[in-house]
Amino acid sequence: MLTDLEKKTILVLQRDLDVTPRPFLELAQHLEVTEAELLDAIRSLLAKGFIRRFGATLRHQLSGFDANAMVVWQVPEEAVNAIGEKLARYREVTHCYAREPAPDWPYNLYTMIHARTAEEVKQLAARMALEVGLSAYQILFSDAELKKTTMRYFHPEP
Amino acid sequence: MPQKKLDRLDRAILNEIQSHFPIAERPFQVVGERVGASEAEVLRRVQEMYESGVIRRLGANFTSRKLGYTSTLCAAQVPVERLEEFVAEVNRHPGVTHNYLRRNELNVWFTLIAESQERLKDILAEISRATGIEILSLPAKRIFKIKVDFPV
């Protein structure tokens, strides 16, 4: 499904792009292909969904949305899809996943919320709860970022 | 993090390179054409925002599942006095990409990506063995939304 060039492209794209006039040229030379061939490979990886997004990732704090919380919901299994789709529509919800619950942890729907303040997060969660008719939820505010990095695929562990 | 306030051109550049980064020979020139600035000006500002930490990364975000990888969200209840040790053990694994301290009995939450289910299990077992702390694994069944770009 992936061409050899696409596989190699995945490897070289794991580093950040250089902030230079022709950032793709050096990568192409490294792979011994033309710049146009590399650009085509990147477009193809985007079209096929191997690359989810290409571009800059910003620090959330800068956008003024620095109250970050995970809200976990206990949803009847048969309603997970309908409720998940509803909650995903909120602008402040950046991630929404259905997950397997665990023993003593019955929550099966997870939403990441970014808002300006903790109070806003609480009000929003209450509004979401009301809209979907759920009362079993918890808000887990984040107190510290302990690690945030990017996965390096196809690299042997050190 | 000391930062200058972002001006209108900075914000225009950020919005372009977040969501519509040009896959082109001279991407910063294309961005410049879209926001009404020279290539050199765009390069200078992007470099500055990189150095000041406004831009955390610039490049490809892969769909781990399509690359054959598997991932899970993990949670653990860690006594405060053992946090440092536990977090160091967790974070040394390259497949741990995000880790947050959260206000809950389950206070440490991290994501783990690995090349197979077996490898995921092995890594979690290894962390539990090294620390004596039990870890909940909560794999995703369905993704409704992932949105990482923000209008600025």
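A salt bridge is here a side-chain nitrogen of Lys or Arg within 4 Å of a carboxyl oxygen of Asp or Glu. The views below show a predicted model, in which local features need pLDDT of at least 70 and side-chain atom pairs count only at pLDDT 80 or more, whereas totals for chains, interfaces and linings use all residues. Residues are numbered from 1 along each chain as its sequence is written, chains are lettered from A and ligands numbered from 1 in the order in which they are written, and side-chain values use heavy atoms, with hydrogens and water left out.

**View 1. Salt bridges between chain A and chain B.** Five salt bridges are counted between the two chains. One salt bridge joins the side chains of Asp16(A) and Arg57(B), with an N to O distance of 3.3 Å. Side chains of opposite charge can pair when their charged atoms come close.

**View 2. The interface of chain A and chain B.** Chain A contributes 78 residues to the contact and chain B 69 residues, where contact means heavy atoms within 4.5 Å. The buried area is about 7500 Å², and carbon and sulfur atoms give 58% of it; this is the accessible area (1.4 Å probe) that two parts lose on being put together, summed over both. Across the interface, 44 residue pairs are in polar contact, with both residues at pLDDT 80 or more. A polar contact is a pair of N or O atoms within 3.5 Å; within protein, one must be able to donate a hydrogen and the other to accept it, and residues adjacent in sequence count only if both atoms are side-chain atoms. Among the elements of chain A that each supply at least two residues to the side touching chain B are helix H3 (35–47) and strand E5 (137–148). E5(A) gives the most to that side, with eleven residues. Helices (H or I, at least four residues) and strands (E, at least two) are DSSP runs, numbered from the N terminus.

**View 3. Strand E5 of chain A and its partners.** E5(A) runs antiparallel to strand E3 (residues 96–102) of chain B, and five bridges join them. Strands are taken as paired if DSSP finds at least two bridges between them. Opposite Lys147(A) stands Asn99(B) in E3(B). Within chain A, E2(A) and E5(A) also pair in the antiparallel sense, over five bridges, and Val71(A) has Ile139(A) in E5(A) as its bridge partner.

**View 4. Asn104 of chain B.** Asn104(B) lies in the loop between E3 and strand E4 (108–114) of chain B. Not counting residues up to four places away in sequence, Asn104(B) touches Trp105(A), Gln138(A) and Leu140(A). The side chains of Asn104(B) and Gln138(A) are joined by a polar contact of 2.7 Å. A polar atom of the Asn104(B) side chain also lies 3.0 Å from the backbone nitrogen of Leu106(B). The C-alpha atoms of Asn104(B) and Gln77(B) are separated by 8.5 Å, the two residues being 27 residues apart along the chain.

**View 5. A salt bridge within chain B.** The structure holds 19 salt bridges over all chains. In one of these, Arg45(B) and Asp7(B) have their closest N and O atoms 2.9 Å apart. Arg45(B) lies in helix H3 (residues 39–51) of chain B and Asp7(B) in the segment before helix H1 (8–19) of chain B, so the pair ties together parts that are 38 residues apart in sequence.
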